[in-house]
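Trainee: Hello! Could you walk me through this structure, one question at a time?

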Amino acid sequence: MFCRRALVGFPNAKLFFCDRFKHRFLRSLKFPKHTIQFHNGCYTRTTRTLHTSAPLLGAKLLSVDELFARKSLQEHLKKIQSEYNQCLQAVNHGGAEEQCREEEMRTRRSKLSQMVPLIQNIMELDTKYKEMAENEALLKDPALKELAELEKEECLQHIQDLREKILDQLVPEEEADLSDLVLEVTAGVGGQEAMLFTAEVFDMYQGFAQHHGWTFEILENAPSEIGGLRHASVSISGSESYKRMKFEAGVHRVQRVPKTEKQGRMHTSTMTVAVLPQPTEISLTINPKDLKIETKRASGAGGQHVNTTDSAVRIVHLPTGVVAECQKERSQLKNKENAMKALRAKLYAIKLEEVTSKRYNQRKIQIGTRGRSEKIRTYNFTQDRITDHRIGMTVHDIKSFMIGQDLLEEMNSSLQEFSNQEALMEVLGENEREGL
Amino acid sequence: MWRRSLSAGCRCFGFGSIGAKRRGQFHSLHTCSPPALPVGRITALQALEFWKKHFEESGVTEPDLSSHYIVAHSLGGKTIESLEQRKLTEFLSREKTEQIWKLCTKRLSRMPVQYVIQEWDFRDLTLTMRPPVFIPRPETEELVELVLTDLKNKPSSGDTVQTCLEVGCGSGAVSLSLLSSCPQLQVVALDRSQEAVELTKENASRLKLQDRIQIHHLDFMTEADEACSRCSPVSVLVSNPPYLFSDDVKTLEPEILRFEDPFALDGGSDGLTVIKQILTVAPKILSDRGGIYLEVDPRHPPLIQQWVEANVAELRYVETRPDINSRPRFCVLQKKQRELDVK
C-alpha cells in the first residue's frame, strides 16, 4: 500500500498530515509520540514504541498530498482520463467496422476493463472535491456548522483514501512480484569471518521467512569448518515473497571484531545476497530438447549393471550455457527436480533482466544484476547500528534485527515505499532525482 | 559365488600397504584387521576425513560419498549438509565412534552403502534395504514416473479403483511409490525371493500402505498360472525384471556380485528370459487396453518389439522411452482391444 505500513499493533496513523489536521490527529493517538525531523525538514512523523530509538530515513519520502500537489500527477491523471474516453468512443463506434479489426477491438476492450477501477476512483475523487466545495458554504451557517464540520472531516478522509488508492494503481505492477524465489547467499571478502557472517544473515532470512509464513527449503549448502557458510541456496515460496525479498539483494557489509580475531582488531567483511524469482509455468517455458542432463551414471550401460550412491544431477541449458546442479538428495529424481528449479530461476532472471534493465536505469534501488555488486547495507556491531545506504536509513539493536522479524520488516517496508515512489516518478515522466 | 552380508571381521581384497592405492586388483585372499579405533576423541569431520582416505587407499569405490553417507547416517541425518554444524565439530562419544568404525569396516568389504546403513531413498520414500534384496537404481525412479503419468491421463480413472501387478518387487520400491502417489490404486506384488517378500512387507508397514498391497511369494517363471489366479484383470503391469546378459554378470563390480541376489540380475544369455515370460503371460492378466511398463537393457527395445510382433498377437508395442542419460530404457506395450466375435 502506498505510504501505508501494515505493522503489527499499529493503528491507522498516517505518515503525512495537512498542517491543519496535525494537531488534532496527534491528540487522538493514544501512545507517546516524538517527532523527528528529516534531512530536508519537510514534514514530521510519529514513531512507534516498538524500538528504543527512532530510525532515521535519509531519503525523501513524499506524502500523498505533496504528490497530488504536483503538476505532473494532475496532468497524468487527465491524460489517463482522455485516453480512456478515446478508447471508449472507439469501442462504441467501432462495432460497424470490418471483421479484420476484431483483434484490435479485443485489445481495446481488455485495456478498457483494466483502466476502469482507476477511472472510477478518479471520478469519485472529483465528486468528493465538489462535495467539499459545497460543504464550505454550509460552514458559514451557524445552525449547520457542527454538521458541516463532521461532513468535512469525513470528506477529507475519503479524499485521502481515494488518493492513496489512485497512487497504488498508478505504480506499474511487476510481473515477477507474484512469483516465489530462490535465495542465494555467498561469503565475500574476509575469509572465515565472512563465512560466519554469511551464516548469520542466512539465519536472519530463515527467521524472516518464518515471520511471514513462507516455506524455506534448502537446495544447496556448503558449510565452513567453524560453523560458517560458504554459500547456500534456498527456495522460498509464499505470498509476496519475491516482492519483499528482492530488496535484500546486493552486498551486505559487517564491521566488528571477529570471533577469530585474537588481537581485538576491527574487521570489515562482506557477503552477497542474490534473489532469483521463480517463474510460473506460463512465464517461462523450457523446451526439453534444449537441456543436457548429466549424471554420474552416464557412461556404460547403467541400470542393473551399476550400483552407486552418487545421485548428483547437472543440467545445462544449451542455448544459453546456463548450468544448474544439485547433489543434496539421495534420490536422483529429487536432485533433478531441484536442479530444474534452480535452472528455471536463473533463466527467468536473465529474461527479466532484459525487461527491467531499462526501467530501473535511473533508480536508486536497483533490482537485478545491476544491484548485485552494490553495497546496500552495513552492519556495524561495535556501534550497534545497521544502515541501508540506498535510502539512508539507520536502525539500532543489531541483535533484534538479525532475528529477522519486526526490525527487518520495517526496513523492508521503507525500501518498498521508496521503490514505489521511484516507480511512480518514472510514470509521471520525472526522471531527475529529487533531493537525497 | 555371491555372499550375503559379512561380519565385522573383514575380508579385504587387494589391500596393500597404507600408502599404496590399488583399485579392483585382486590378490590372494587374506584377512586383515580393520583399522583400530582412534586413541583420543575425534569429531565427525575428522572421522569423515579418516575414512575417506582409508577407502581411497583400499580401493573402495566412491570413497568420498561412502564415508559421507555412513557418518551422516550415524549422526541421524541423510546427508552431511543436513546436519547442524555443531554436531560435526563437537567430539563424538565412544559409542558413536565405535558405530562409525563398525559400519565403515563393512564398507571396506565392498558392501554397498545402502546395505551398510540399511536404508536408501527412492523418489519421495525412504526404504529399508537388506542384502541380498536388490537395491533400486535411479533409472527405476523414472519407470514409476512413466506409469504415474499414464495413470493420471487415463480417462477411466476418477472414482474407479485401479489395480496394478508388479513382477519382481524386490524391496517394494516401485509398488510402494505408485501406491503413495495414487490413493486409488491397489497393487499385487510378486517376487521369487522370500527375503524380498519379507522386505516389501516390512517397507509397506513402515509406510502404512499395507492395506492396499498384496505380496505373494511366487516365481513368475514356473508359477505363472498361480500368479494369474491371484489377481483379477489388472490395468497396469509393471516390472524391472532381471535383464542383464549372463556374460555381463561376470564383469559386475564386487558391490553387486558379492551382495545382491543374482536372480534379480541375470536375464539369461540374451537377457530376455524373464521379459519374454512376462510378455507371454501378460494378455491373461491384463484387462483390455491395459498397459505394460518394463525397464530393460538399452539393447533390448528393438529386439522386444520384433519378438512381440511375431509372437504375442494380443499385444501392441506402443513406444520406447529413454532414461535420464538418453539411453533407450523403458518399453511400453498395450493389450489390444478384443474384437467382437461376429461369427
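Trainee: Which residues of H4(A) does H3(A) meet?

Mentor: Contact here means heavy atoms within 4.5 Å, and helices (H or I, at least four residues) and strands (E, at least two) are DSSP runs numbered from the N terminus. This is a predicted model, in which local features need pLDDT of at least 70, side-chain atom pairs count only at pLDDT 80 or more, and totals for chains, interfaces and linings use all residues. Residues are numbered from 1 along each chain as its sequence is written, chains are lettered from A and ligands numbered from 1 in the order in which they are written, and side-chain values use heavy atoms, leaving out hydrogens and water. From H3(A), residues including Leu77(A), Tyr84(A) and Val91(A) take part, and they meet Met105(A), Arg108(A), Arg109(A), Lys111(A), Leu112(A), Met115(A), Val116(A), Leu118(A), Ile119(A), Ile122(A), Met123(A) and Asp126(A).

Trainee: At what angle do H3(A) and H4(A) pack?

Mentor: Axes are lines fitted to C-alpha atoms, for helices over the stretch in contact, and angles run from 0 to 180 degrees between N-to-C directions. H3 spans residues 71-93 of chain A and H4 spans residues 102-139 of chain A; their axes are 9 Å apart, and the angle is about 135°. Angles under 35 degrees count as roughly parallel, over 145 as roughly antiparallel, 65 to 115 as roughly perpendicular and the rest as oblique. H3(A) is therefore oblique to H4(A), at about 135°.

Trainee: How is H3(A) oriented to H5(A), and which residues of H5(A) make the contact?

Mentor: The axes of H3(A) and H5(A), the latter being residues 145-170, come within 13 Å and cross at roughly 75°. H3(A) is therefore roughly perpendicular to H5(A). Leu73(A), His76(A), Leu77(A) and Ile80(A) of H3(A) make the contact with Ile166(A), Leu167(A) and Leu170(A) of H5(A).

Trainee: How is H4(A) oriented to H5(A)?

Mentor: Their axes come within 9 Å and cross at roughly 160°. By class, the contact of H4(A) with H5(A) has 15 nonpolar, 4 polar and 10 charged residues. Given that angle, H4(A) is therefore roughly antiparallel to H5(A).

Trainee: Which residue pairs with Lys128(A) in a salt bridge?

Mentor: A salt bridge is a side-chain nitrogen of Lys or Arg within 4 Å of a carboxyl oxygen of Asp or Glu. Both partners lie in helix H4 of chain A, 3 residues apart, about one turn of the helix. At 3.6 Å, N to O, the partner of Lys128(A) is Glu131(A).

Trainee: How much area do chain A and chain B bury between them?

Mentor: Buried area is the accessible area (1.4 Å probe) that two parts lose on being put together, summed over both. The contact takes 31 residues from chain A and 45 residues from chain B. Of the buried area, 47% is on carbon and sulfur atoms, and the total is about 3,200 Å².

Trainee: Which residue of chain A meets Asp121(B) in a salt bridge?

Mentor: The count between chain A and chain B is 2 salt bridges. In one of them, at 3.1 Å from N to O, the side chain of Asp121(B) meets that of Arg330(A).

Trainee: Which residue does a cis peptide bond join to Pro131(B)?

Mentor: Omega of this bond is about 0°.

Notes: Nonpolar A, V, L, I, M, F, W, Y, C, P; charged D, E, K, R; others polar.
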